[in-house]
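Subject: Structure handover

Hello,

I am passing the structure below on to you. My notes on what was found in it follow.

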Amino acid sequence: METLFRRSFEELALGHLSDGQFQTLVKGYEQEKAELEAKAEMLRGEIANRQDTLLNADRFRRLVDKYTDITELTPELVREFIQRIEIHERSGRYKKKHYTQQVDIYFNFIGQA
């Protein structure tokens with residue numbers, strides 16, 4: 001963008017561009033530069049989010065690798081793997097014990113399963 005701006009200024013100085021043409025070019029360059037800076041900032045944020053996701057997935061994988069032969073579900077194991085459990089209201093018929101109930105399990109490092 002800076003190179004384009006310099007070239008436009010040189011063209012103005014040489015008399016190849018009018019003041020109006022130069023101002024139009026400069027406005028366009030400034031707008032494009034602002035758009036590119038905003039997009040770059042958004043992409044930096046997206047990269048940071050993806051790096052966090054990869055880091056958390058790696059932490060979860062290391063935790064799983066630590067427990068390859070689980071024979072019993074212990075409170076310690078639950079604490080290491082599960083961040084929280086949400087149990088929702090029942091829905092359906094209650095008298096004949098035919099109902100559904102949603103249970104959401106949020107694992108450490110990776111979120112809801």
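Helix α1 itself covers residues 2-13, and its 12 residues reach 16 Å from first C-alpha to last, close to the 16 Å expected at 1.5 Å a residue.

Please keep in mind that this is a predicted model. The mean pLDDT of the protein is 86, with 95% of residues at 70 or more. Confidence is highest in helix α2, at 90, and lowest in β3, at a mean of 79.

Overall layout

The protein has 3 helices and 3 strands. Their order from the N terminus is α-α-α-β-β-β. The radius of gyration is 29 Å, whereas a compact globule of 113 residues would have one near 13 Å. Along the principal axes, the C-alpha atoms fill a box of roughly 90 × 40 × 15 Å.

Of the 113 residues, 12% count as buried. The accessible surface comes to about 9,600 Å², and carbon and sulfur atoms hold 53% of that area. Among contacts with a separation of 6 or more, 30% are between residues 24 or more positions apart.

Helix α2

Helix α2 runs over residues 19-66.

The buried residues of α2 are Phe22, Val26, Tyr29, Phe60 and Leu63. These buried residues pack against α1, α3 (75-81) and β2.

Helix α3 and the distance to Leu4

Val78 is found in α3. With a relative accessibility of 28%, Val78 counts as partly exposed. Between Val78 and Leu4 there are 60 Å in space, C-alpha to C-alpha, and the two are 74 residues apart in sequence.

The loop between β2 and β3

Two residues here are worth a look. Asn108 lies in the loop between β2 (98-107) and β3 (111-112). Is Asn108 buried or exposed? Its relative accessible area is 19%, and the cut-off for buried is under 20%, so Asn108 counts as buried.

Which residues does Asn108 touch, leaving aside those up to four places away in sequence? They are Phe60, Arg79, Glu80, Phe81, Ile82 and Gln83. Phe60 is also one of the buried residues of α2. With Arg79 there is a polar contact as well: the side chain of Asn108 reaches the backbone oxygen of Arg79 at 3.2 Å.

Phe109 lies in the loop between β2 and β3 too. Phe109 is partly exposed, at a relative accessible area of 37%. Its phi is near 75°, a positive value in a residue other than glycine. For background, most residues other than glycine have a negative phi.

Regards

Key:
Residues numbered from 1 in each chain as written. Predicted model: local features only at pLDDT ≥ 70, side-chain atom pairs only at ≥ 80, totals over all residues. Heavy atoms only, no water. Helix = DSSP H or I, 4+ residues; strand = E, 2+ residues; numbered from the N terminus. Expected span 1.5 Å × (residues − 1). Buried < 20%, exposed > 50% of the residue type's maximum accessible area, 1.4 Å probe, protein only. Polar contact = N/O pair within 3.5 Å; in protein donor to acceptor, adjacent residues only side chain to side chain. Contact = heavy atoms within 4.5 Å. Rg over C-alpha atoms; globule rule 2.2 N^0.38 Å. Areas by Shrake-Rupley, 256 points an atom, 1.4 Å probe, with all protein chains shown as cover. pLDDT = per-residue confidence, 0-100.
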